[in-house]
Amino acid sequence: MLERLRGQRQFLLYLCGGVASALIDVGLMQLLIVAGVHYAVAASAGFFAGLGFNYAFHARITFAHPPSGRSFARYITLVALNYGFTLGCVALGVHLGAAAVLGKIISLPIVAINGYLLGKHWIFR
C-alpha cells in the first residue's frame with residue numbers, strides 16, 4: 001500500500017513538472033513574440049527552456065536522481081522518441097481527415113506515460 005502511494009505521488013510530481021515545463025515553454029515563447037522576436041526563434045527558445053527545466057525537475061524532484069551526462073543522453077533519446085511518436089500521431093490524424101491538433105491531443109497521454117515509465121526505469125535509475 002505504501003509503495004503504491006509513493007508511485008502515485010511520483011506520477012503526480014511527474015505531471016506537475018510537465019505542466020510547469022509547458023508553461024515555461026509557451027510563456028517564454030509568447031513573451032519573446034510580444035517583445036518582437038521572430039516566432040521561430042521564440043518557439044525554439046521556449047522549447048529549450050522548457051526542456052532544460054523538465055530534465056532538472058525530474059532528475060532532482062520526481063526521481064531524486066543526481067543529473068548526469070548519462071541520464072541527460074537517455075533523456076534526450078526519450079525526447080526524440082516522443083517527438084517522433086507525436087509527429088506520427090499528428091500525421092495520422094491529418095491523413096484520416098481530422099485536425100492536426102486531434103493527433104497531438106491523442107499523443108499527449110501516451111507520451112506522458114511513456115516518459116514517466118522510461119524516466120523511472122531507464123533514465124533516472
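This is a predicted model: local features need pLDDT of at least 70, side-chain atom pairs count only at pLDDT 80 or more; totals for chains, interfaces and linings use all residues.
I take helices as DSSP runs of H or I with at least four residues, and strands as runs of E with at least two, numbered from the N terminus. I number residues from 1 along each chain as its sequence is written, and side-chain values use heavy atoms, without hydrogens and water.

**Entry 1, surface patch.** I looked up a nonpolar patch on the surface and found Phe85, Leu102, Ile106 and Ile110, with about 340 Å² of accessible area together. Patch members have over 30% relative accessible area and no salt bridge; nonpolar side chains (Val, Leu, Ile, Met, Phe, Trp, Tyr) are joined within 5 Å, like charges within 9 Å. Areas come from the Shrake-Rupley method with a 1.4 Å probe, and for residues only the protein chains shown count as cover. A salt bridge is a side-chain nitrogen of Lys or Arg within 4 Å of a carboxyl oxygen of Asp or Glu. Helix α4 (residues 100-123) gives the most to the patch, with 3 residues. Ile110 lies in helix α4 and is partly exposed, because its relative accessibility is 43% (buried is under 20%, exposed over 50%, partly exposed in between).

Most residues other than glycine have a negative phi. Ala64 counts as exposed, at 61% relative accessibility.

Methods: Buried means under 20% relative accessible area, exposed over 50%, partly exposed in between (1.4 Å probe, protein chains only).
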